[in-house]
Amino acid sequence: MDSCCENKAGELAQLRGAQAKVLYWVLGINGSMFVIEFVAGWLIGSTALLADSLDMFGDATVYLLTLYALNRSDLTRAGAALVKSLFMFVFGLAVIAEAVHKSVAGSVPEAGAMGIMGMLALAANAVCFIMLLRYRSADINMRSTWLCSRNDLIANTSVVLAAIAVGVTGSLWPDVIVGLAIAALFLHSAWQVSTEAVVAWRDTATEKASAPLSDSAALSKEACCKASSSCCAGSSDARV
């Protein structure tokens, strides 16, 4: 069983290394797109682009937290997911505030530039989504990261559609409505991630409190065997 668990530990380390490499790439993409899209949204006067740029900034923060928690305990990963959900709540409320302000005192954004930036952001997030797809079920930490990437694709597509609607109607309302829709998506995902994180935190904390300190090594082996039951079962049969 020991060699089996050592092999699984090595496989887990390789998995974490692969996850970290992907996270560094998507962090760089989102950080760059935040700057580009924020400047463009400010110059064009688009609420939807500004909302989407804040999404990029929020995602960059999320990826940093994910990297921090990657090789740490289940409790730490659950805590990081909870912090990420709080960021998502804050950005959702910020976008709502900007949309309300735009509806009162805003001007119609330039539809062509808005559409181009929306397409650029959509392409960037499509790359991130594909890179993260294989890790979406790895743990709650990576799942919350993948959810952020999925939301980005929806938000980017909405920005492009809003740009088309602004160009056709000459009205600012498609831009405002899309900004509010992105905010609603933020808040829904934040609720989903926070709920899962609280459950994971509670379960992990309960298991940790109930486990005797002297049995920590045995628990480590038991967790390994749960991750690879067939391997450890084979080791037990060999001793019989």
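**A chat about cavities, rings and a buried aspartate**

User: Which helix gives the largest share of the lining of the largest cavity?

Analyst: The largest share of that lining, five residues, comes from H2. This is a predicted model, where local features need pLDDT of at least 70 and side-chain atom pairs count only at pLDDT 80 or more, while totals for chains, interfaces and linings use all residues. Residues are numbered from 1 along each chain as its sequence is written, and side-chain values use heavy atoms, with hydrogens and water left out.

User: What counts as a helix or a cavity here?

Analyst: Helices are DSSP runs of H or I with at least four residues, numbered from the N terminus. A cavity is a set of points, on a 1 Å grid over the protein atoms alone, where a 1.4 Å probe fits but cannot get out, and its lining residues have an atom within 4 Å of a point.

User: How many cavities of 30 Å³ or more are there, and how much space lies in the largest?

Analyst: The count comes to one cavity of 30 Å³ or more, and about 90 Å³ of space lies in the largest cavity, a volume being the space filled by probe spheres set on the points, which are joined across faces, edges and corners. Its lining includes Leu54, Asp55, Asp59, Phe87, Cys148 and Phe186, and at least two lining residues come from each of H2 (47–69), H3 (74–105) and H5.

User: And the second largest pocket, what volume does that have?

Analyst: The second largest pocket has a volume of about 160 Å³; a pocket is an open set with protein on both sides within 12 Å along at least five of seven lines. Among the residues lining this pocket are Trp42, Leu50, His101 and Lys102, and H3 supplies the largest share of the lining, four residues.

User: Switching topic, how many aromatic pairs are there?

Analyst: The count comes to two aromatic pairs. In one of them, phenylalanine 34 and phenylalanine 38 have ring centres 5.9 Å apart and planes at 40 degrees, so the pair is tilted. Rings of Phe, Tyr and Trp (its six-membered ring) pair if their centres lie within 6.5 Å, with planes under 30 degrees apart counting as stacked, over 60 as edge-to-face and the rest as tilted. These two phenylalanines both lie in helix H1 (residues 2–44), four residues apart, about one turn of the helix.

User: What do phenylalanine 38 and tryptophan 42 form?

Analyst: Phenylalanine 38 and tryptophan 42 form a stacked aromatic pair, 6.4 Å centre to centre with 25 degrees between the planes, and ring pairs link Phe34, Phe38 and Trp42 into a cluster.

User: Is tryptophan 42 buried or exposed?

Analyst: Tryptophan 42 counts as exposed because its relative accessibility is 62%, where exposed means over 50% relative accessible area, buried under 20% and partly exposed in between (1.4 Å probe, protein chains only). Phenylalanine 38 is partly exposed at 32%.

User: What is phenylalanine 38 in contact with?

Analyst: Leaving aside neighbours within four places in sequence, phenylalanine 38 is in contact (heavy atoms within 4.5 Å) with Met33, Leu50 and Ser53. The C-alpha atoms of phenylalanine 38 and leucine 50 are separated by 5.5 Å, although the two are 12 residues apart along the chain.

User: Last one: where is aspartate 152?

Analyst: Aspartate 152 lies in helix H5 (residues 140–169). Aspartate 152 is buried yet has no salt bridge, and the nearest side chain of opposite charge, arginine 150, is 9.5 Å away. A salt bridge is a side-chain nitrogen of Lys or Arg within 4 Å of a carboxyl oxygen of Asp or Glu; Lys and Arg count as positive and Asp and Glu as negative, while His and the chain ends are not counted. Not counting residues up to four places away in sequence, aspartate 152 touches Asn30, Asp55, Asp59 and Asn125.
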